[in-house]
Amino acid sequence: MEKNLSKGKSLGIDIAVCAVWSLFVLIVAGCDLALMNPVSIIILILGFAGFSYLIIRNGDKDKNGRIIAVITICAVAVRTFYVLYTGAQQRQHDMGEFDTFFDYNYHSEYIEYLLENHRLFGEDIRLHWQFYHPPLQHIISAVFFGIYRTLAPGLAHNWDALQAISLFYSLVTLAVAKRFIKLWDLSFKGSLIAYLAVAFHSEFIVFSGSLNNDPLSVLFSIAALYLAVLWYKDEKRSFIKLMGVSLCVGLGMMAKLSAGMIAFPIGFIMLKAFFGSKNKLRYVWQYIVFLIVCAPLGLWYQVRSYILWKVPITYVARPDLVLNPGQLIEDMPFWRRFLDFGQGVDYNIITETLNAAVFDADYYQEHLFLALIGYLLLAAFSVLTVTIFAGFIFCLIRERSFMNVVMTILMVVEIGSYIYFCFSYPYNCTMSFRYIVPTIIAGAFYCGKAVDKAPRLLALITKISTYAFAGLSFVFYCLVWLKG
């Protein structure tokens, strides 16, 4: 995965390596620690040693390259270990339980329905909760598991095997982010801080074991923005790269409609290229083809639902308040959702989002050691978040670069839409950082810029908080298995 873009090494190689490692973990361990024996543990460790050697061998040969390679190895290790100790029914969102019927309401039943019936669900999706989501992730999971149980019939109910897919998504996201950072014109110190913020962010670690559609939609969103910047910075601005952007946006929306938010910074990039060009006609037809590819991919499922059952295009399922009456947040003044603090306050958007970003809505207070590390981790992330916004303001005032505008649009659109979502759907479950994960990329950018160009105090606090957050996150998610 440690490839140097400037040397022309292909992202496709990175993706292939991620696929090989994910399949290796599946074959050797079944993505389940409980299935392992001493022999398989030794094979997995030896395989990881070889994998690590390849990362170092194929990376830059200088000291800086070796540092990045070590970070990559640690990031892969914690993601792999998280997958091994996390089951298909642990630390998931809206998955339900596999091999259990809940009247077709959960992601697990969505996958199983496609697996057994080979067709889309034929009833009004509003009556079946998570079935309102477009089906890309569920189709991939159904096809993958169908192949897996055919090849390993004795493990036909090992649904943990699906985590090989989520591990693959997480590793590819890491590889894309690492390449993206190289386009930001940062010093090595700035790039290092930016990469640490991404490589060990708690949500990306959790995504390595998440079976719902969030990891895939985020992967395509980040890949789309990366390719768009790459396309813009390329003198030729090849049509092939632009079609890659179109496919990523469309497929991201086919995994989860909210992935379409990435179209705002990408739209700015495309408009800037258009108005800065003397040959505008060339861009007109390319942009038309862009939409012809992207729009049907991203919206066909919503259009289908509208035609069949008059479901609004932007429909989002609401939680069942009969089963979960505590989910509803009472009507209150706007300011209270941000400024109310204290014991029992579970409606503060700031505190709930910070908690979700670190713990992903899980709780570890009953385990003393994990609780202690968790408090330190949350404190480090809170300080880091403040420094990110300070870096954001600093760049807004002092940095007039193309990348800063792109990241500003990404940050403002993601957070603005998230706040709107929290008030439009006033439920506790709405306040989840997993809805704004692309902001991690913008946050990493502002961390790097703060280290490179901000006043010394802000740069120092950014470095300390990033190192503390990355280190504590790594340790915490290496120990979460203690909770079970």
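Start with the aromatics: the structure holds 46 aromatic pairs. A pair means that ring centres of Phe, Tyr or Trp (its six-membered ring) lie within 6.5 Å; planes under 30 degrees apart are stacked, over 60 edge-to-face, the rest tilted. Trp231 and Tyr283 pair edge-to-face, at 6.2 Å centre to centre and 85° between the planes. Trp231 lies in helix α9 (residues 214-233) and Tyr283 in helix α12, so this pair ties together parts 52 residues apart in sequence. Helices here are DSSP runs of H or I, at least four residues, numbered from the N terminus. Both Trp231 and Tyr283 are buried. Buried is under 20% relative accessible area, exposed over 50%, partly exposed in between (1.4 Å probe, protein chains only).

Next, Phe268 and Phe402. Their ring centres are 6.3 Å apart with planes at 25°, so they count as stacked. Phe268 is partly exposed at 24%; Phe402 is buried at 15%.

A word on the source. This is a predicted model: local features need pLDDT of at least 70, side-chain atom pairs count only at pLDDT 80 or more, and totals for chains, interfaces and linings use all residues. Residues are numbered from 1 along each chain as its sequence is written, and side-chain values use heavy atoms, leaving out hydrogens and water.

Now the polar contact. What does the side chain of Asp14 contact? The side chain of Arg179, at 3.0 Å. The cut-off is N or O atoms within 3.5 Å, and within protein one must be able to donate a hydrogen and the other to accept it; sequence neighbours count only if both atoms are side-chain atoms. Asp14 sits in helix α1 (residues 11-29) and is buried, at 0% relative accessibility.

Key:
Helices (H or I, at least four residues) and strands (E, at least two) are DSSP runs, numbered from the N terminus.
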